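Hello,

Here is the structure I promised to pass on to you. Have a look at it first, and then read my notes below.

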Amino acid sequence: MDYILSPSILSADFANLGADVKEAVKAGAKWVHIDVMDGHFVPAISFGSEILKQISNFTDLFLDVHIMATNPEHCAKLLIDAGANNITFHYEATGDVIETINKLREMSADIMIGMSIKPLTPVDEILEYLPYLDMILVMS
């Protein structure tokens, strides 16, 4: 069975981010998971496109970007331009899932698109969107 190890760098030592990413590669990571938080959808603020650009400069790993932000399509283009290979947005952060997916696809034909749900969101609510997505992330 194949697996994809995608460690989050949210808890990395920001002063040694490059070294921490290289350590993840040595441990078998194929992807790097980057949590982008806006301080609105979730209370914390984290990485943005400039940090992502720096990460993409020192690794060829697949960059798995998880946007925890209201109106995720507003920051997605900057993240795609900075090197994101996958954009995962939250079901709860958008009023129109199909419109958000379409906007993301218009930004890049090569981008993978994922959708995340919070732990209390019933999985049944998102089943209709599965054909339009490349992955689902269930928060825990």
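Helices (H or I, at least four residues) and strands (E, at least two) are DSSP runs, numbered from the N terminus. This is a predicted model, in which local features need pLDDT of at least 70 and side-chain atom pairs count only at pLDDT 80 or more, while totals for chains, interfaces and linings use all residues. Residues are numbered from 1 along each chain as its sequence is written, and side-chain values use heavy atoms, with hydrogens and water left out.

Let me start with the charged pairs. The structure holds four salt bridges (a side-chain nitrogen of Lys or Arg within 4 Å of a carboxyl oxygen of Asp or Glu). One of them joins Glu 99 and Lys 103, at 3.1 Å from N to O. Both residues sit in helix H4, four residues apart, which is about one turn of the helix. Glu 99 is partly exposed at 39% relative accessibility, and Lys 103 is partly exposed at 31% (buried is under 20% relative accessible area, exposed over 50%, partly exposed in between, with a 1.4 Å probe and protein chains only).

Helix H4 also provides Arg 105, whose partner Asp 134 lies in the loop between S4 and S5, so this pair ties together parts that are 29 residues apart in sequence.

Next, the rings. A search of the whole structure finds three aromatic pairs (rings of Phe, Tyr and Trp, the last by its six-membered ring, with centres within 6.5 Å; planes under 30 degrees apart are stacked, over 60 edge-to-face, and the rest tilted). Phe 14 and Phe 47 have ring centres 5.2 Å apart and planes at 50°, so they make a tilted pair. Phe 14 comes from the segment before helix H1 (17–26) and Phe 47 from the loop between strand S1 (31–37) and helix H2 (49–58), 33 residues apart. Phe 14 is exposed, at 52% relative accessibility, whereas Phe 47 is buried, at 6%.

Leaving aside neighbours within four places in sequence, Ile 9 is in contact (heavy atoms within 4.5 Å) with residues including Phe 14, Ile 34 and Phe 47.

Best wishes
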